[in-house]
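Let's take a walk through this model together, going from a single residue out to the whole chain and back again. Have the sequence and the 3D view ready.

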Amino acid sequence: MLRATYHREMQRLQDELVMLSSMAAHALRHSMTALKRHDRALAELLVVRDRDINARRYQIERDCLVLIATQQPVACDLRFLAGVLEIAGELERIGDYAKGVGRIVLRLPPGAPTVPIHEIPQMCDKVLSMLERAQHAYLTQDAGAARAIPAEDDAVDTLYNTFNTRMLDWMRNTPTRRRSRARRCSARSSS
């Protein structure tokens with residue numbers, strides 16, 4: 001492979017990674033919309049589009065491995081490709097989380113009570129901001145900006161823990177499905 005072709009392939013990989021990042025962010029945004037609105041059509045779309053995210057991730061990985069095997073990159077090129085492999089996996093995982101939210105929405109019965117999810121959109125906004133800034137740091141090769149992002153993960157963890165506590169309280173104070181089912185069954189048997 002000529003050097004110019006090699007550099008075009010490296011640039012194409014970077015472009016593909018940016019596209020995967022956009023797809024993951026888009027899926028995450030849509031998962032929040034589906035959850036807030038109990039939008040089953042959007043939830044189904046999330047599940048279907050996750051296949052596209054997975055396919056792009058695996059294509060990126062294959063392309064990286066072909067470059068490593070055929071071009072034997074060294075130093076910064078090898079670090080770049082190792083980073084692409086790692087980042088692609090993490091972006092695909094974000095897509096999996098969005099798909100998981102979609103599946104939850106699909107399991108919600110019609111008229112399900114609204115769950116107190118105040119922290120989830122806040123977590124989503126923080127994560128999307130972190131993802132956008134990580135993408136920018138990656139593209140501009142700004143190591144300082146990249147190092148600052150993981151510190152914000154504590155804020156996401158705090159929101160998650162608050163949400164967990166709120167959910168446990170909500171579940172304790174909301175009649176369980178079993179009780180509702182038992183009432184329906186006893187009403188049927190008495191008639």
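Predicted model: local features only at pLDDT ≥ 70, side-chain atom pairs only at ≥ 80, totals over all residues.

Start with Glu90, which is partly exposed at a relative accessible area of 34%; here buried means under 20% relative accessible area, exposed over 50%, and partly exposed in between, with a 1.4 Å probe and protein chains only. Glu90 lies in helix H3, where helices (H or I, at least four residues) and strands (E, at least two) are DSSP runs numbered from the N terminus.

Residues are numbered from 1 along each chain as its sequence is written, and side-chain values use heavy atoms, with hydrogens and water left out.

Now zoom out to the chain. You will find seven helices and zero strands, giving the pattern α-α-α-α-α-α-α along the sequence. Of its 191 residues, 34% count as buried. Take contact to mean heavy atoms within 4.5 Å. Among the contacts in the chain with a separation of 6 or more, 81% join residues 24 or more positions apart.

What holds the most contacts inside the largest nonpolar core? Leu35, Ile60, Leu81, Leu91 and Ile120 do, in a core of 41 residues. Such a core is a set of buried Ala, Val, Leu, Ile, Met, Phe, Trp, Tyr and Cys residues joined through side-chain atoms within 4.5 Å. At least two of its residues come from each of helix H1 (3-37), helix H2 (40-71), helix H3 (75-107), helix H4 (119-140) and helix H6 (153-173). H1 gives the largest share, with 13 residues. For a closer look, pick Ile60: leaving aside residues up to four places away in sequence, Ile60 touches Leu13, Glu16, Leu17, Leu20, Val84 and Ala88.

Next, look at how H1 and H2 pack. Their axes come within 10 Å and cross at roughly 160°; the axes are lines fitted to C-alpha atoms, for helices over the stretch in contact, and angles run from 0 to 180 degrees between N-to-C directions. H1 and H2 are therefore roughly antiparallel to each other, a label for angles over 145 degrees, with under 35 counting as roughly parallel, 65 to 115 as roughly perpendicular and the rest as oblique. The residues of this contact divide into 17 nonpolar, five polar and eight charged, where Ala, Val, Leu, Ile, Met, Phe, Trp, Tyr, Cys and Pro count as nonpolar, Asp, Glu, Lys and Arg as charged, and the others, Gly among them, as polar.

Staying in helix H1, find Ser21. Is Ser21 buried or exposed? Ser21 counts as buried because its relative accessibility is 4%. Beyond residues up to four places away in sequence, Ser21 touches Leu91, Leu131 and Gln135. Yet Glu132 and Ser21 are 8.5 Å apart, C-alpha to C-alpha, and 111 residues apart in sequence.

Finish back in helix H3, at Leu78. Leu78 is partly exposed, at 38% relative accessible area, and touches Ile68 and Pro73, not counting residues up to four places away in sequence.
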